[in-house]
Amino acid sequence: MAQPIIEISHVTKIYTLFKNNKEQFLSIFYRSPKLKKHLALDDVTFSVEKGESVGIIGNNGAGKSTILKTITGVTFPTSGQVEVRGRVAALLELTAGFEPEMTGRENIYLKGYILGLRDEYIHTIEEKVIDFAQLGDYIDQPVRTYSSGMKMRLGFSININTDPEILVVDEALSVGDNAFKKKCKDAIKDLIARGTTVLYVSHNADSVQEVCRRAIYLKKGKLVFDGPVEQALELYRVDNPPKTAKGKKNPTPAERVANARKALAEKDKALIKAAAEKKAAEEELAAAEQAEALALKESDPV
């Protein structure tokens, strides 16, 4: 039986929280017992088979991004084992690794080198990357002239077109307009259809259900469910019911009387104001008619 492409075994990740840069610098030389710790992952264990599409859901701070960072090697677990058997393309920080003074085309090669690709292979996907990013003539302009959206589109296009064995997606489908978002989602579905393993993080339940068949639900760093995506999302909804407006209490008889009197007083004020405005309009009309009559009289021939 083939080994899982990803194995997470009893992974725990603890971050040290520093008040400022000075405290962080001093921690290099000695450990202070007063430093606060944050348990981001708490003894998490799961595996992913080749070709699976797995959603990772949970509230902010649940550990979703941390588990992806341990898989991509951005960070390392405090304890436990992470085994990844395949080339990973990570859609985490899409604009990371760009050199601002280099053109978009040159950055395609730079990012390719970072991913361990050779010149020959990068050359074969170069035009595909450019077409997907839809940057037009800007592809030969320095990246420092790009908007943040343009840089994100280029970063997404590079990662999605390198034919990764494992694709890690963390809220990356916010790039561009709706048409480009659909294009990105379709590209991910195409990779899944071709057997690419996908780990997909999103707060959009419909998007997770559309892309994934299985979901892992993290809660305060712990894995609380691993199974069919529909069941995972239902459990998440039960734990996080939508907020509804609090119902108003029925007024007491005394409150009804007070409210009615207030409404009547406001109507009386409105009527008095309207009467005054009517009187002023009538006086204005009378003055205008008198002026008109006087003007006609003066214009009659003698």
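This is a predicted model: local features need pLDDT of at least 70, side-chain atom pairs count only at pLDDT 80 or more; totals for chains, interfaces and linings use all residues.
Student: Is the crossing in which H4 passes H5 left-handed or right-handed?

Tutor: H4 passes H5 in a right-handed crossing. Residues are numbered from 1 along each chain as its sequence is written, and side-chain values use heavy atoms, with hydrogens and water left out.

Student: Why is H4 called oblique to H5?

Tutor: Helix H4 (residues 119–133) and helix H5 (residues 148–160) pack at about 140°, with their axes 9 Å apart. Angles under 35 degrees are roughly parallel, over 145 roughly antiparallel, 65 to 115 roughly perpendicular, and the rest oblique. So H4 is oblique to H5.

Student: What makes up the contact of H4 with H5, by class?

Tutor: Seven nonpolar, one polar and two charged residues. Lys-128, Val-129, Phe-132 and Ala-133 in H4 meet residues of H5 including Arg-153 and Ser-157; contact means heavy atoms within 4.5 Å. Lys and Arg count as charged, while Ala, Val and Phe count as nonpolar.

Student: How do you know that S1 and S4 pair?

Tutor: Strands pair if DSSP finds at least two bridges between them, and strand S1 (residues 6–17) has five with S4, in the antiparallel sense. Glu-7, for one, has Glu-83 in S4 as its bridge partner.

Student: Why do S2 and S4 stand at the edges?

Tutor: The open sheet has the order S2-S1-S4. S2 (36–48) and S4 (79–84) each have a single partner strand, so one side of each is left without a neighbour in the sheet.

Conventions:
Helices (H or I, at least four residues) and strands (E, at least two) are DSSP runs, numbered from the N terminus. Axes are lines fitted to C-alpha atoms, for helices over the stretch in contact, and angles run from 0 to 180 degrees between N-to-C directions. A crossing is left-handed if the near helix is turned anticlockwise from the far one by less than a right angle, and right-handed if clockwise.
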